[in-house]
Amino acid sequence: MAVRATLTQSSPPGAMDENELAKTAVEFAEQSEKLSLLPLEQGNHDAIAVEAQFVTPHDTVIVTADGHRLPTVPVQEAHKLNVLREELETQLEPTHHHTIQSPTEEKAIALSQQQNGTSPNKRSTDASLKRSMPPSHTNPLFPPLPLYGPPSLMTHIQCLIFRLTSFFLSLGFLAVIVLGALFTSIGPSVQHLWRLVTLRNPDAFSRPFYKEETRRAEIRKRQEEAWLSGHRPSGKTPYPPTEGGPDPLVCDPAYYARRVGLDIEPFEVQTEDGFLIDLWHVYDPKEHTPLPACERAHRGPETFTPPRKPPSSPAKFPVLLIHGLLQSSGAYCVNDDDSLAFLLAKAGYDVWLGNNRCGFTPKHTLLKYADPRMWAWNIRQMGVFDLPALISRVCYETGFSKIGLICHSQGTTQALVALAKEQRPDLGDRITVFCGLAPAAYAGPLIGKMYFKFMRVISPEFFRVFFGIHAFIPFMMEMHRRLNGRVYGWLGYKVFGFLFGWGDERWDRGLRDRMFRFAPVFVSSESMRWWLGRECFARHKCILSTKEEWRAEEREDGEVGEEGVLGEVDRDMADGGGGGRERKKGRRRKGSTAWYDERAPPFALWVAGDDDLVDGERLLRRFERGREPHVEVVHQKVIPGYEHLDVIWAMDAPEQVFREVKEVLWKTCDVRDVCRVPTGCEDVPAWKPKKKEATGDEGNEEEEEEELQSSSSEDLSR
């Protein structure tokens with residue numbers, strides 16, 4: 001307050017520069033403190049915010065004085081910090097003598113000089129760019145996240161209130177879901193008992209792979225007994241297991257890798273906003289020696305640095321797998337040799353399993369679990385920060401400039417968001433092919449269920465009261481840790497099956513409890529609000545187009561005579577009225593609303609035919625109707641009878657999905673001459689991309705808009 005009073009007093013003309021400097025210093029100090037890890041008065045100046053870096057025009061990270069990172073903040077706040085920083089550096093000329101009026105001003109000026117070695121004699125080279133960058137408008141699909149300042153007594157009290165209210169309210173919500181799942185299972189249970197009473201095998205009626213399932217169960221039993229009796233597999237086996245016996249149901253993908261003769265080494269990766277996430281490398285112990293722990297630690301927040309070393313020929317082509325909502329990448333490791341991760345590894349690929357922020361153990365370079373900034377993220381940050389960090393680390397470790405990317409469910413959403421031309425389209429230059437399993441771009445009918453509708457109708461404020469501003473229903477993780485694996489597996493299947501509308505008819509039921517060892521993981525309440533709240537996905541039912549936009553596109557598609565039905569425009573033309581002008585009336589050029597530009601990698605999509613959670617067929621129609629002229633779909637398949645998780649867990653998934661994934665990865669590989677040919681891909685020809693024709697859409701949006709308005713005016717005059 002003393003500083004503010006001093007600045008408002010009248011000053012002699014010679015002191016005007018000093019007053020301006022002091023005013024700017026105070027404003028910068030206040031804005032810096034607003035975005036810092038700790039308040040200035042606590043004396044930890046290394047954790048003070050000194051700069052905002054724009055990773056994309058809409059996504060920022062805060063850099064502290066010691067080079068650490070803090071998560072994204074609203075763009076206007078980040079822009080203000082950079083403008084004040086530039087103004088302060090501009091005023092700090094070497095010949096400019098000034099009087100420091102308070103310790104706060106002195107700290108602020110010193111802090112502005114610390115980042116990247118900036119001195120009073122040197123302005124940041126990109127300062128003018130930072131100043132000219134305007135604040136972003138609010139995207140209706142990605143509204144700004146709440147801003148939480150450094151901790152104080154008041155924020156501690158507020159967070160405690162949120163944690164208490166959300167604990168009881170969300171626990172009540174979870175109890176209702178559990179009771180609903182148990183209640184809806186009464187009917188099938190009664191039917192199951194009736195078939196038993198009438199001496200019929202109930203599984204033979206409902207399980208399409210019952211005989212194969214029974215055969216596998218018998219084989220596993222014999223193998224477990226042999227292991228316990230000391231009869232281990234012969235050393236002549238290509239992949240001799242180093243673990244065996246009855247499954248203890250542990251939450252460790254490396255254990256399940258060792259059961260099939262492979263192993264996993266864990267890496268830690270830092271994102272550009274400071275989160276530490278897990279990356280697992282699947283390897284053959286006969287061919288690879290794990291790196292020392294120090295070399296597997298995180299390497300800082302910078303992405304796409306020069307590789308550790310170039311790949312040695314013949315190398316294994318690297319592939320990164322990303323998991324779905326509430327899962328970890330352990331979901332790719334639960335079906336023994338039929339697991340996608342292990343099948344690709346044994347075929348000759350270098351397999352890496354990526355996990356998202358927080359996972360089983362929330363970690364950040366600066367933030368702690370109780371800090372709400374630890375949880376201020378949603379699908380946008382998972383795509384813009386997590387995915388590039390994981391791809392960057394795989395490229396660094398393997399020496400390849402491009403890798404294959406396989407995603408399931410929410411993982412596909414991350415990739416689709418990250419590759420969009422408004423986000424990080426340059427990431428497409430690092431991917432040879434994007435393989436999407438059950439791609440989640442459009443909502444399925446399940447989004448209209450009562451329990452999801454409840455989350456959509458409540459306001460964002462009440463959503464935070466109900467589900468908190470930290471982790472989403474953390475009690476689920478407590479149950480995961482404490483309950484017996486078989487009890488939790490049964491309960492988890494009932495609850496998640498009830499919520500997401502799938503069953504286990506196509507899975508190997510003997511492995512089902514193992515499948516739920518890797519779910520759920522920690523996710524933020526903000527991310528669930530993005531999926532299910534009233535503002536974002538649940539409202540628009542699409543990840544990159546608003547409800548109004550994609551419905552307008554569907555109306556346009558309905559006008560072109562699909563399936564022989566003439567629309568209004570076509571009927572006018574058939575009657576001889578309107579001519580060529582009428583075809584343009586009310587329509588945009590195909591591709592004018594494209595999500596992706598020429599940097600998009602080729603896509604390969606596998607859609608579950610009976611998936612009620614997402615609508616993959618609508619995404620396929622988007623590509624078929626030419627709305628993405630820069631995307632080449634090298635493979636697409638709709639699998640009848642498949643549900644959302646069947647694409648990774650069904651007993652016939654190796655034939656229906658995995659074999660084709662393996663071939664697509666090799667077909668699109670850009671360095672086949674230096675890579676080992678995967679088993680079964682010897683006859684797969686190399687893919688040759690089509691020449692992308694100019695769409696003529698660039699720069700024509702204003703012309704199209706004028707044309708549409710002109711047409712509308714003519715219609716009104718008529």
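Predicted model: local features only at pLDDT ≥ 70, side-chain atom pairs only at ≥ 80, totals over all residues.

Two rings of Phe, Tyr or Trp, the last taken by its six-membered ring, form an aromatic pair if their centres lie within 6.5 Å. On that basis, the structure holds 38 aromatic pairs.

**Aromatic pairs**

- A pair of aromatic rings is described by the distance of the centres and the angle of the planes.
- The ring centres of tyrosine 493 and tryptophan 502 are 6.3 Å apart, and their planes meet at 40°, so this pair is classed as tilted. The class follows because planes under 30 degrees apart count as stacked and those over 60 as edge-to-face, with the rest tilted.
- Tyrosine 493 and tryptophan 502 are both buried.
- Tryptophan 595 and tyrosine 596 make an edge-to-face pair, with 6.2 Å from centre to centre and 75° between the planes. Each of these two residues, tryptophan 595 and tyrosine 596, is buried.
- Ring pairs also build a cluster, which links Tyr451, Phe452, Tyr493, Phe496, Phe498, Phe500, Trp502, Trp507, Phe516 and Trp649.

**Cavities**

- Rolling a probe the size of a water molecule over the atoms shows where empty space is left.
- The model has 12 cavities of 30 Å³ or more, and the largest cavity has a volume of about 570 Å³.
- The lining of this largest cavity consists of 36 residues, of which Leu325, Leu326, Phe500, Met528 and Leu613 are the closest to its centre.
- Which classes of residue make up the lining of the largest cavity? There are 29 nonpolar and 7 polar residues, and no charged residues.
- At least two lining residues of the largest cavity come from each of helix H6 (153-184), helix H15 (450-457), helix H18 (485-500) and helix H20 (525-532). H18 gives the most, with 4 residues.

**Annotated transmembrane span**

- An unreviewed UniProt entry places the feature "transmembrane region" at residues 160-186.

**Strands S1 and S2**

- Strand S1 (residues 49-56) is mostly covered, with 6 of its 8 residues buried.
- S1 pairs with strand S2 (residues 59-64) in the antiparallel sense, over 6 bridges.
- A hairpin of 2 residues joins S1 to S2, and threonine 56 stands opposite aspartate 59 in S2.

**Helix H12**

- Helix H12 (residues 340-347) is mostly covered, since 7 of its 8 residues are buried.
- The buried residues of H12 are Leu340, Ala341, Phe342, Leu343, Leu344, Ala345 and Ala347.
- Just after H12, glycine 348 takes a positive phi of about 120°.

**Tyrosine 239**

- Where does tyrosine 239 lie? Its place is in the loop between helix H9 (210-228) and helix H10 (253-258).
- Tyrosine 239 has a relative accessibility of 23% and therefore counts as partly exposed. The reason is that buried means under 20% and exposed means over 50%, with partly exposed in between.
- Tyrosine 239 and arginine 259 are 20 residues apart along the chain, and their C-alpha atoms are separated by 9.5 Å.

Definitions and conventions:
Residues numbered from 1 in each chain as written. Heavy atoms only, no water. Buried < 20%, exposed > 50% of the residue type's maximum accessible area, 1.4 Å probe, protein only. Pairing = 2+ DSSP bridges. 1 Å grid on protein atoms, 1.4 Å probe; cavity = no way out; pocket = protein on both sides within 12 Å on 5 of 7 lines; lining within 4 Å. Points joined across faces, edges and corners; volume = space filled by probe spheres on them. Nonpolar A, V, L, I, M, F, W, Y, C, P; charged D, E, K, R; others polar. UniProt positions renumbered as here; feature names shortened; annotations may be inferred.
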